[in-house]
Amino acid sequence: MTEILTVDGVTKVYGSGHTAVTALEHASLSLEQGEFVALLGPSGSGKTTLLSIIGGLLAPSTGTVSLGGIDVGALSAKQQTVFRAETVGFVFQSANLVPFLTARENLVLMNTLRRHKVPAAQARARADQLLDELGLADRAGNLPEQLSGGERQRVAIGRSLMNDPDLVLVDEPTAALDTTLGRQVVQLLAREIKERGKTGIMVTHDLRMVEYTDRYLEILDGHLQAATA
Amino acid sequence: MRLGLAELRRNRGRFASVTAALALIAFLVLILSAISDGLYFGATGALRSAPADAYAFSTDAKGSLVRSSLPAQAAAQLATAPGVRQATPLGVLLTTGAGPRGELDVAVLGSPDPRGAGVPGKLTEGRRPSSATESVADSVLRSRGVRVGSTVTVSGVSTQVVGLVSDASYQGQPTLYTSLATWREMRHAARPETRGDTSSVTAVALRLDPGVSASSVQVPAGVSVLTKDETINAIPGTAQQRSTLNAIIYTTLLVAALVVGLFFALLTLERRDLLASLKALGASTRLLGTGLFLQAVVATGVGVVVGAALARLLGLVIPEGVPILFRTQTLGVVAVLSILSGVLGAAFSLRRIARIDPATALGGTLQ
């Protein structure tokens, strides 16, 4: 197995002087291609900060993040934007779909954000295939408001995979769903990541979701502790 | 797929409100512009349409055709001054006459030469006068029943209209171009106090040789020469009217910018979470900003089209005599300024979009 993600000694400090808050302290981890890992921890533990740094949304105060050979911490703001569009897939707490675009268009939109776009017909075909795998073939033409919460989150999963990313970052995907629906969504997510040989990190505070992942990491007060499921 | 245009198409109802507001503003601006143009053109037509480059007045008249009076001798001197190609003496009389359908206001403009510098070069109908009792009239007088062949009488002095010209009103009164002799007769009849004066004229219209400026013409004492533009601006109230109406128009356009600005500021505020997650997904501020401007341009553009249609409809029912003039050029300027106002308004939200931190898309508020 090849190592795809390396986080080495990452610290994140917000503010400075008296008001400085250390959100993350000397966190290190590495992920191999195809791994799906859960990141567990209570709110305020630093898990969102770690996810943001890995995803190129925040720059670390010290330490390095390397994803597929790219030094994420060294990217400029513009490069970060391109990096996120092409290399990372995101699934947010609430699906955050574009409300005036259909499910299919929400997926196809991702292609327009890339620097190297695939032809429109090809993007459409890929969107339809993803929606089909997620059990949404007959909902492709629906607007988000016509979809249930679970369906919306499934569209968001499709969206995160649309640009064939190296890494999928998932932020509390079940926060807006009830337990049964949450399980279904995570199960589907795990299956998609596995079948496509993708690597994924899922932030959650729900221990029951860990069974769908290869292993889990715990984070507490900014300290990352590895644990094996 | 353009995000901004997709939103316009799918959320038409939401943009309808701002477009309607912009349509009403464009309507207001266009009506104000049409009034401004109508007043301006009605006041200045006789001067603008004439081929003269400059006008000579008595200095104490301060550029007012109504107050000016020049002795015949001064007019003759001007004709031979270096740099002057053609000098046409003019007699001006703002008065009331009678036409086929009764009373009408006219500006009588007498000149000895029907092809002179003070008379519009192009007829829209009929021919030029061939005798001293014939005249050419502003085609506006058609609404009062005046046609080629009609007789117009001023204080008992008659003239036969043999041709029509367009855009030839002076101070809101349609012009009647007569011979100098007819003008003098009419003047004597309408203003008995002038009967002793049998030789003076009001002003002299000048055509200058190429490269000669109005100020360089050598003039007799007590005579000043103003360029055509200066003469137009010296018409009482014209410049003031125009600047007042323009001030109202520009203020209204500023309101348009504010309306667009507020609309997009609210939209951006409401879309904050969505914009943050789009940025997290890799949408650049540039892409989102382009969408914003596209929306502003389309909303303002549609507003202008609707507003122009409304203004034209109102133009159809406005009674004759109201000085209102719709010009394509003005419509173009208003359209461009409106769209600029829209873009300016939208620009305020650009900063807001740029400042949205994509990192806020993670974590959220749900726990």
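Modeller: The largest nonpolar core has 103 residues. A nonpolar core is a set of buried Ala, Val, Leu, Ile, Met, Phe, Trp, Tyr and Cys residues joined through C-beta atoms within 7 Å. Buried means that 20 or more other C-beta atoms lie within 10 Å of a residue's own; 12 or fewer is exposed, in between is partly exposed, and the C-beta atoms are placed from the backbone.

Colleague: Which residues have the most contacts inside the core?

Modeller: Those are Leu39(A), Ile54(A), Leu169(A), Ala26(B) and Val260(B). A contact is a pair of C-beta atoms, placed from the backbone, within 7 Å. This is a predicted model, where local features need pLDDT of at least 70 and side-chain atom pairs count only at pLDDT 80 or more, while totals for chains, interfaces and linings use all residues. Residues are numbered from 1 along each chain as its sequence is written, and chains are lettered from A and ligands numbered from 1 in the order in which they are written.

Colleague: Which helix gives the largest share of this core?

Modeller: Helix α2 (residues 12-48) of chain B, with 9 residues. Helices here are DSSP runs of H or I with at least four residues, strands are runs of E with at least two, and both are numbered from the N terminus.

Colleague: What does Ala26(B) touch?

Modeller: Leaving out residues up to four places away in sequence, Ala26(B) touches Gly303(B), Val304(B), Gly307(B), Ala308(B), Val334(B) and Ser338(B). Another core, of 59 residues, lies apart from the largest one and includes Tyr55(B) and Val162(B).

Colleague: Now the interface. How many residues does each chain put into the contact?

Modeller: Chain A gives 27 residues and chain B gives 22 residues. On the chain B side, α1 (3-10) and α7 (272-280) each supply at least two residues. That side has 12 nonpolar, 7 polar and 3 charged residues. Ala, Val, Leu, Ile, Met, Phe, Trp, Tyr, Cys and Pro count as nonpolar, Asp, Glu, Lys and Arg as charged, and the others, Gly among them, as polar.

Colleague: And in α2 of chain A, which residues are buried?

Modeller: In that helix (residues 77-87), Gln80(A), Thr81(A), Arg84(A) and Ala85(A) are buried. They sit on the same side of α2(A), because they cover an arc of only 130 degrees around the axis, taken from the directions from the helix axis to the C-beta atoms. The buried residues of α2(A) pack against β6 (88-91) of chain A and also α7 of chain B.

Colleague: What is the secondary structure of chain A overall?

Modeller: Chain A has 6 helices and 10 strands. Of its 229 residues, 49% count as buried.

Colleague: How do β1 and β2 of chain A pair?

Modeller: Strand β1 (residues 3-14) and strand β2 (residues 21-32) of chain A are antiparallel over 8 bridges; strands pair if DSSP finds at least two bridges between them. Lys12(A) stands opposite Leu24(A) in β2(A). The hairpin has 6 residues between the strands, and Gly15(A) in it has a positive phi near 70 degrees.

Colleague: Which residues other than glycine have a positive phi?

Modeller: Asp164(A) is one of them, at about 50 degrees, and lies in the loop between α5 (149-161) and β7 (167-171) of chain A. Asp221(A) also has a positive phi, near 50 degrees, and is in the loop between β9 (215-220) and β10 (223-227) of chain A.

Colleague: Is Asp164(A) buried or partly exposed?

Modeller: Asp164(A) is partly exposed, with 14 other C-beta atoms within 10 Å.

Note on methods: Contact = placed C-beta atoms within 7 Å.
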